[in-house]
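Here is a short report for a reader new to this structure. Take a look at the model, then read on.

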Amino acid sequence: MPGHTAVILIALGGPRSLEEVGPFMTAFMGRPAPPPVVQTIRERYELIGGKSPLPDLVQAQADALAKKLGHGYHVYAGFRYSSPSIGVAFEKAVREGADRVIGLSLSPFETTATTGVYRSAFEALGDESVKKIFIPSWHDNPLFISAWQEKVNDAQKRFRETQRKYAVVIFTSHSIPQRYITAGDPYQKQVEETAKLVAGGIDIKEWRIAWQSKGARATEPWLEPEVEKVLDRVSAEKFGYILEVPIGFTCDHMETLYDIDIVHRKYATGLGLVFERVDSLNTSPLFIKALVDIVKKATP
């Protein structure tokens, strides 16, 4: 279809098999990944099914979005550190006749650490014959907020009514080095705003924000508190139930299936807490509607 608008859903990427773990880590680190690092990450992927579900889930999101956007739009998946790359997706879009390409980061929050990298890769593509629009953040989109509220409401039903007053909701997002925030990065503020909007809209009484998945070899301060520290505090305050909301992620991958479902759950259980995790957005119809709204607002 000549003259259509293309949308590239941009995400980190992930290995589609255990054999791809090494190449993925090398691409992510920007240098050959040390064998011990590869082995450690490979073992984690073995625990969550032998691959990252992210590439397939992003493609499913792209397919669902294309269906809802309808005539005049094509939607592609493009990854920073695995295939298809952002560049390959862009070239395909242009080859299929797009005269306008939207780069939509699937991270809702703007930060130099991730969306900044996506933006740089996207803006380096093509020439002036194709109009490019990059959407770096959409953390307060009303439909996005509603999509999370729907997921939280559904998850709260796993607790009996009498248990809910002893439950704490913990909103989590990926930690980043503190120096980005000090330099003016809006990431932390946007995460806090989103959590407040979600919690306020469904009257959650007890909620916290915690930061997860800090780099294992980090030698500088990262955003705190970490999830484990918040779990310690919640336990000390005599709450008995935890509902973790992976608000910083829009589909399942290592950070939800391993870091939350295995590591955080084990830590919480060790403290005597009952632990539940809110389902990821993935292809939630309400989330897909949010993506439609975001795209349409960027293409008047």
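## A partly exposed glutamate and its partner

E237 has a relative accessibility of 43%, so E237 counts as partly exposed. The model is a predicted one. E237 takes part in a salt bridge with R208. The closest N and O atoms of this pair are 2.8 Å apart.

The two residues come from distant parts of the chain. R208 sits in strand β6, which covers residues 207-212. E237 sits in the loop between α9 (227-236) and β7 (241-245). The separation is 29 residues.

Which side chains meet R158 in salt bridges? One is E276, at 3.1 Å from N to O. The pair joins distant parts of the chain, 118 residues apart. R158 is in the loop between α6 (142-156) and β5 (167-174), while E276 is in strand β8, residues 274-277.

Another is D279, where the N to O distance is 3.3 Å. D279 lies in the loop between β8 and α11 (285-298), and R158 in the loop between α6 and β5, so this pair ties together parts that are 121 residues apart in sequence.

How accessible are these side chains' residues? R158 has 37% relative accessibility and counts as partly exposed. E276 is partly exposed too, with a relative accessible area of 22%. Buried would mean under 20%. D279 reaches 41% and is also partly exposed.

## Salt bridges across the structure

How many salt bridges does a search of the whole structure find? The count is 15. E110, R119 and E123 are linked in a network of such bridges.

## The second largest pocket

The second largest pocket has a volume of about 260 Å³. It is lined by 13 residues. Those closest to the pocket's centre are Q156, R164, K165, A167 and K205.

What classes of residue make up this lining? Six are nonpolar and six are charged. One is polar.

## An exposed arginine

Is R217 buried or exposed? R217 has a relative accessible area of 63%, so R217 is exposed. Exposed means over 50%. R217 is found in the loop between β6 and α9.

## The whole protein

The secondary structure comes to 11 helices and eight strands. Along the principal axes, the C-alpha atoms fill a box of roughly 60 × 45 × 40 Å.

What radius of gyration does the protein have? The value is 19 Å. A compact globule with 300 residues would have a radius of gyration near 19 Å, so the protein agrees with that expectation.

Of the 300 residues, 52% count as buried. Contacts reach along the chain as well. Among those between residues at least 6 apart in sequence, 78% join residues at least 24 apart.

Methods
Residues numbered from 1 in each chain as written. Predicted model: local features only at pLDDT ≥ 70, side-chain atom pairs only at ≥ 80, totals over all residues. Heavy atoms only, no water. Salt bridge = Lys/Arg side-chain N within 4 Å of Asp/Glu carboxyl O. Helix = DSSP H or I, 4+ residues; strand = E, 2+ residues; numbered from the N terminus. Buried < 20%, exposed > 50% of the residue type's maximum accessible area, 1.4 Å probe, protein only. 1 Å grid on protein atoms, 1.4 Å probe; cavity = no way out; pocket = protein on both sides within 12 Å on 5 of 7 lines; lining within 4 Å. Points joined across faces, edges and corners; volume = space filled by probe spheres on them. Nonpolar A, V, L, I, M, F, W, Y, C, P; charged D, E, K, R; others polar. Rg over C-alpha atoms; globule rule 2.2 N^0.38 Å. Contact = heavy atoms within 4.5 Å.
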